[in-house]
Amino acid sequence: MLIDAHVHLDKYGDLLDHALREIERENIFTVATAMDVPSYQDLQEIGRRSALVLPTFGIHPRRAPQYVDRLRELGRYIEMSPAIGEIGLDFHWVKDSSEYPAQLKILEYFFAAAREQKKIVNLHTKGGEKAILERLERYDVARPIIHWYSGPLDILRALVQFGAYFTIGVEVLYSESIQTIAREIPDHLLLTETDNPGGLKWLKGIVGMPSEIRKVIDELARIRSSTPESMSRIVHANFLKLIQDDPWLQQVRTLLSQP
């Protein structure tokens with residue numbers, strides 16, 4: 001089974017049925033990350049259509065100002081979600097620094113909940129890599145997934161020491177800097193993602209479909225001097241290890257353990 005550990009299924013619109021058929025045909029376990037409350041509500045509906053889709057709740061840093069005064073409401077959704085994402089910081093694409101305190105408040109609220117509820121977190125780190133590392137350590141968040149890391153290598157190595165997992169996605173097909181990062185990640189912390197439909201659209205102007213995950217695996221195999229079969233096994237084993245003792249994800253563990 002293939003693993004897409006970060007995707008926005010609610011953004012497919014009229015192509016959703018096609019995307020879900022690809023997920024089933026290609027046997028892709030898909031972590032569907034939300035950006036806000038309506039996004040998560042849509043993902044809950046989508047998740048009922050496929051056992052291969054795991055809907056997760058988060059507030060994207062770009063949405064933080066809209067939710068910073070609604071923490072009690074967010075708490076209800078965190079409690080019902082089996083994992084957390086997409087959350088994080090964005091001090092790069094978000095240019096208005098007056099929004100940064102809201103991002104930090106939301107992030108810390110989610111980190112406190114993740115620690116208490118023992119949940120995986122799926123993290124956006126663009127421009128906020130050091131601040132996120134500091135808060136991972138402060139809040140003792142046990143199982144972070146760093147999505148589409150593109151920051152400094154020294155912070156990457158510190159996150160590796162912390163035990164964070166890293167997703168490599170479609171940019172590895174085009175970017176030497178992402179290929180360098182992909183070589184740095186140890187085998188035991190490597191995951192794959194597409195961040196589609198928007199990931200490939202941002203890079204190449206085309207809607208990315210779930211099957212793009214195979215191209216990611218092929219490229220990882222090339223740059224790590226391995227084979228696609230070996231890369232798929234490594235990522236599958238890593239995701240199983242990530243969720244092995246997670247009380248929220250027992251059904252997922254059973255699904256992924258099937259031969």
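Author: Happy to! Let's begin with D246 and R143, which are both buried. Keep in mind that the model is a predicted one. D246 and R143 form a salt bridge, and their closest N and O atoms are 2.9 Å apart. D246 belongs to the loop between α11 (228–242) and α12 (250–256), while R143 belongs to the loop between α6 (129–139) and β6 (144–147), so this pair ties together parts that are 103 residues apart in sequence.

Now look at another pair. D187 and R224 meet through their side chains in a salt bridge, at 2.4 Å from N to O. You will find D187 in the loop between α8 (176–184) and β8 (190–192) and R224 in the loop between α10 (212–223) and α11, so here the parts tied together are 37 residues apart in sequence. D187 is partly exposed because its relative accessible area is 42%. R224 has a relative accessibility of 17%, so R224 counts as buried.

Some salt bridges share partners: in this way E108, E134, R135 and R138 are joined into one network.

Next come E26 and R25, whose side chains also meet in a salt bridge, with 3.7 Å from N to O. E26 is buried, as its relative accessible area is 18%, whereas R25 counts as exposed at 55% relative accessibility.

Definitions and conventions
Residues are numbered from 1 along each chain as its sequence is written. This is a predicted model: local features need pLDDT of at least 70, side-chain atom pairs count only at pLDDT 80 or more; totals for chains, interfaces and linings use all residues. Side-chain values use heavy atoms; hydrogens and water are left out. A salt bridge is a side-chain nitrogen of Lys or Arg within 4 Å of a carboxyl oxygen of Asp or Glu. Buried means under 20% relative accessible area, exposed over 50%, partly exposed in between (1.4 Å probe, protein chains only). Helices (H or I, at least four residues) and strands (E, at least two) are DSSP runs, numbered from the N terminus.
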